[in-house]
Amino acid sequence: MRGFEFVVPTTVPAALKAAKGKKYKFIAGGTNFMPDLRHDHSGETKIVIDLMRIKTLGGISAAKGTIKLGALATVTDLIESKLIAREAPILRDMAAKFAGPIIRNRATMAGNIIDGGPAADIVPPLLALKAAVKLTSLKGRRTVALDKFLTGYRQIAIKSGEIITEITFPSPGKNHLHGYYKLARRNAMAITVVGVAVILKMKGKICQEAGISLGSVNPTPIRCYEAEKLLAGKEITLDLAQIVAEACAAVATPIDDIRASAEYRKLMCEVLPRRLICQAAGISIDPT
Ligand SMILES: Cc1cc2nc3c(=O)[nH]c(=O)nc-3n(C[C@H](O)[C@H](O)[C@H](O)COP(=O)(O)OP(=O)(O)OC[C@H]3O[C@@H](n4cnc5c(N)ncnc54)[C@H](O)[C@@H]3O)c2cc1C
């Protein structure tokens, strides 16, 4: 990518107007954009629009039972947010495993979703939380459920001229349990081999509603709808956790690559959900 104009708007309308009618690219934290730039010799992009000075796109807040993550909220913001620690600690657990501190300080929510790749780590917890993506263009606004926004390998349902402004999800409530696991070759700066996110909304011993998702085992992170249904309205037992875990593995279509075999990944799609559900529900999985 060569010879482009670079603009730094401070409002969403200014960013959208700068993009209108041009071959544009938005940049947020730049952690995907900058490596991509090195390989793009097409010269197609005529204007790069830096979103990072648009204050209304940042921050983390809550209103009427809905948690709102600004498109430009960073992974570090998740770690430092008391609201996230209280309302959705699964995001803090994910953030602690994301890259390393330097990347966490730059990497944004929207940038990770736009990545659209199977190993985008912010996506599985957001899927388990049943998040939605808010978009704005010069034509208006729309909201799309995150699971419908991810349409295939590195494909997302964004239209030309749209900016992601916010990611929202219903607060899972005080009584929810959660589990998150990033299986990777190292504890930091590693691409996920299998990612699992579990949210269990509880009433006493009964799981009222579940959100379960897998990353790195399909063309895009996915929700395990059948597994979620199996848990709804039931008391969690080791036997049920096993059935749910098998339903998770059934929807995984992993590939072999340099990090792990498809066979190993498939097995982990059963082992990890079972372990996370049991740990969250306080069920011993020790066979003795
Ligand atoms: C060393 C390193 C380690 C990494 N480790 C991890 C990891 O552990 N886990 C992981 O998931 N990822 C990892 N990544 C990938 C990357 O950091 C994340 O995907 C990050 O969240 C991207 O966000 P960003 O703000 O940097 O996006 P950018 O690079 O700024 O943008 C990426 C894309 O999103 C678009 N975009 C950004 N914001 C908006 C918006 N609001 N509306 C519309 N379009 C927008 C841009 O146009 C661009 O196409 C790593 C990257 C590096 C370089």
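The chain splits into three domains: domain 1 (5-50), domain 2 (57-170) and domain 3 (176-281), with bounds taken from an automatic or database domain assignment. Keep in mind that this is a predicted model, where local features need pLDDT of at least 70, side-chain atom pairs count only at pLDDT 80 or more, and totals for chains, interfaces and linings use all residues. Residue numbers run from 1 along each chain as its sequence is written.

Let's start with domains 2 and 3. Their centres, taken over C-alpha atoms, sit 20 Å apart. Across the boundary, 23 residues of domain 2 are in contact with 23 residues of domain 3, contact meaning that the C-beta atoms, placed from the backbone, lie within 7 Å. On the domain 2 side, helix 5 (89-97), helix 8 (123-128) and strand 8 (150-152) each give two or more residues. Helices (H or I, at least four residues) and strands (E, at least two) are DSSP runs, numbered from the N terminus. That side of domain 2 is made up of 15 nonpolar, three polar and five charged residues. Here Ala, Val, Leu, Ile, Met, Phe, Trp, Tyr, Cys and Pro count as nonpolar, Asp, Glu, Lys and Arg as charged, and the others, Gly among them, as polar.

Now for the ligand. Domain 1 and domain 2 both give residues to its shell, so the ligand lies between them. There are 28 residues around it, and Gly29, Ala99, Gly111, Asn112 and Ile114 come nearest; a residue is near if its C-beta atom, placed from the backbone, lies within 6 Å. Strand 2 (24-27), helix 2 (33-39), helix 7 (109-115) and strand 10 (163-170) each supply two or more shell residues. Helix 7 gives the most, with five. Overall, the shell divides into 17 nonpolar, seven polar and four charged residues.

Conventions. Two residues are in contact if their C-beta atoms, placed from the backbone, lie within 7 Å.
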